[in-house]
Amino acid sequence: MENQKPLQNGNNVDGGLLTGADGSALIFLGTGCSSAVPNAMCLLQPSDPPCHVCSQSLSVPPEHNPNYRCNTSLLIDYCSTNGIHNYIIIDVGKTFKEQVLRWFTFHKIPRIDSIVLTHEHADAVLGLDDVRVVQPHSPTNDIDPTAIYLTQYAMDSIATKFPYLVQKKLREGQEVRRVAQLDWKIIEESSDKPFVASGLKFVPLPVMHGEDYICLGFLFGEKSKVAYISDVSRFPSNTEYVISKNGAGQLDLLILDCLYKKGSHNVHLCLPQALEALKRICPKRALLIGMTHDLDHHKDNEFLMEWSQREGIHVQLAHDGLKVPIDL
C-alpha cells in the first residue's frame with residue numbers, strides 16, 4: 001500500500017484512483033454532521049479548556065481549516081467518454097449556499113445538471129430553495145428544470161416543506177415568484193432498481209438510519225466502483241452484499257458515515273462501528289464523513305494511518321473541499 005499523507009483542503013488526493021486533470025472527480029462539498037462544525041455552543045459557551053476543533057474556526061479561515069465542516073454533500077464531476085462534463089450533487093442541506101460560494105468557485109463548477117437525494121432530513125434537503133442560485137435567472141421561471149431523484153417518501157415530505165417548489169400551476173390571481181425549477185423523478189428503495197442521472201448509473205443502497213427509518217446510499221461508477229453512504233446505523237444484509245469484497249465485488253472507494261470518535265449512536269455509525277464495517281466490507285480505500293467536533297482532522301488521521309497500515313485498508317477522514325480525481 002502506498003505511503004499515506006494527511007489530506008489538505010482543496011488538494012487533489014492520490015489514492016490509486018487518479019486520472020488526468022480533465023477527467024472525472026469527486027468533490028466533497030461538506031463532511032460534517034447536521035449541526036455542522038464548529039459547534040455553535042462551543043463558541044457561545046466555551047469550555048475550560050476550549051474545544052480545540054471549534055476554537056480553530058475563530059483563527060483559521062474555513063478554506064484552510066479541515067475541521068470546518070458543512071453538511072454532508074458530494075459533487076460528482078462526471079466526464080463521459082465524449083469528454084463532456086456533467087455535474088451531479090448528492091444532497092443539498094442547510095449549508096448548500098455556503099458550499100456553492102466556497103467550493104463551486106474554487107473548483108470552477110459552472111452549474112448543477114442533476115441532484116440525487118439520500119433522504120428528506122433537514123441536512124439533506126433544506127438547501128433546495130437555494131438551488132436557484134446555480135440556475136439561470138428568470139423572473140418568469142422559464143428555464144429548463146434541474147432533474148432531482150428521490151424516493152416517494154422523500155417527495156411527499158418535501159411537498160409539505162416546499163410546496164412552492166413542487167407546485168406546477170399557479171392558482172388564479174397568484175403572482176409569479178422566482179423559485180428553483182426542479183424536475184422531480186421518483187426512484188425505488190432497491191438495489192435491483194438502478195437509475196441514470198446525467199449519464200451516470202446509480203444503484204440505490206437502502207440502509208437503516210435508526211431502526212425506524214430507511215435512508216439511501218448510492219453505488220456508482222463502472223471503471224471504479226464507489227459507494228456513498230452518509231447516514232447509516234446498520235447495513236441490511238442485501239445492501240452489504242452488494243458492496244462487499246466477499247459479496248458482489250470489492251469497492252474501489254467507500255465513503256462512509258462516522259459521527260463520533262468513541263461509543264455508539266442510535267442513528268449513525270461512530271468510528272468503532274465504521275472501522276468494523278470497513279473490515280467486513282473491505283474496500284480498497286475509504287473516506288469518512290459526517291463528523292462532529294469530536295473528531296480532529298489531523299490528530300485522528302494519524303491514528304487512521306496506523307490503523308490502515310495494520311489492517312490493509314486505506315482510510316482517512318475526508319474534509320470539505322477535498323477533490324478526488326477518479327476514473328468512473
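This is a predicted model: local features need pLDDT of at least 70, side-chain atom pairs count only at pLDDT 80 or more; totals for chains, interfaces and linings use all residues.
Residues are numbered from 1 along each chain as its sequence is written, and side-chain values use heavy atoms, with hydrogens and water left out.

Figure 1. On a 1 Å grid over the protein atoms alone, a cavity is a set of points where a 1.4 Å probe fits but cannot get out, whereas a pocket is an open set with protein on both sides within 12 Å along at least five of seven lines; lining residues have an atom within 4 Å of a point. Grid points are joined across faces, edges and corners, and a volume is the space filled by probe spheres set on the points. The largest cavity holds about 30 Å³ of space. Its lining consists of Arg132, Gln135, Pro136, Ser138, Asn141, Ile143, Arg178, Val179 and Gln181. The largest pocket has a volume of about 330 Å³. Lined by 17 residues, the pocket has Asn141, Tyr164, Gln167, Leu170 and Val179 closest to its centre. Helix 6 (residues 163-166) gives the largest share of the pocket lining, three residues; helices (H or I, at least four residues) and strands (E, at least two) are DSSP runs, numbered from the N terminus.

Figure 2. Most residues other than glycine have a negative phi, and most peptide bonds are trans. Asn141 is a residue other than glycine with a positive phi, near 60 degrees. Asn141 sits in the loop between helix 4 (122-125) and strand 5 (146-150). Because its relative accessible area is 17%, Asn141 is buried; buried means under 20% relative accessible area, exposed over 50%, and partly exposed in between (1.4 Å probe, protein chains only). Cys282, in the loop between helix 8 and strand 12, has a positive phi of about 60 degrees although it is not a glycine. With a relative accessible area of 22%, Cys282 is partly exposed.

**Figure 3. Two cis peptide bonds.** The bond from Val37 to Pro38 is cis, with omega near 15 degrees, and Pro38 lies in the loop between strand 1 and helix 1 (40-44). The bond from Asp48 to Pro49 is also cis, with omega near 0 degrees. Pro49 belongs to the loop between helix 1 and helix 2 (52-55).

**Figure 4. Strand 2 and its partners.** Seven of the seven residues of strand 2 (residues 73-79) are buried, so this strand is largely enclosed by the rest of the structure. Ser73, Leu75, Asp77 and Cys79 point one way, and Leu74, Ile76 and Tyr78 the other. Strand 1 pairs with strand 2 in the antiparallel sense over five bridges, where two strands pair if DSSP finds at least two bridges between them. Phe28 stands opposite Leu74. Strand 2 also pairs with strand 3 (residues 85-90) in the antiparallel sense, over six bridges, and Ile89 is the bridge partner of Leu75. Strands 2 and 3 form a hairpin with five residues between them, and Gly83 in the turn has a positive phi of about 85 degrees.

Figure 5. Asp22 lies in the segment before strand 1 (25-30) and counts as exposed, at 64% relative accessibility. Leaving aside neighbours within four places in sequence, Asp22 is in contact (heavy atoms within 4.5 Å) with Cys79 and His85. Asp22 and Cys79 are 57 residues apart in sequence and 7.9 Å apart in space, C-alpha to C-alpha.

Figure 6. Seven strands form an open sheet of mixed pairing in the order 7-8-9-10-11-12-13. Its edge strands, strand 7 (195-197) and strand 13 (314-317), each pair on one side only. Strand 10 (residues 226-229) and strand 11 (residues 253-257) pair in the parallel sense over four bridges, with Val226 opposite Leu253. The largest nonpolar core has 32 residues; such a core is a set of buried Ala, Val, Leu, Ile, Met, Phe, Trp, Tyr and Cys residues joined through side-chain atoms within 4.5 Å. Residues with the most contacts inside this core include Ile229, Leu254 and Leu278.
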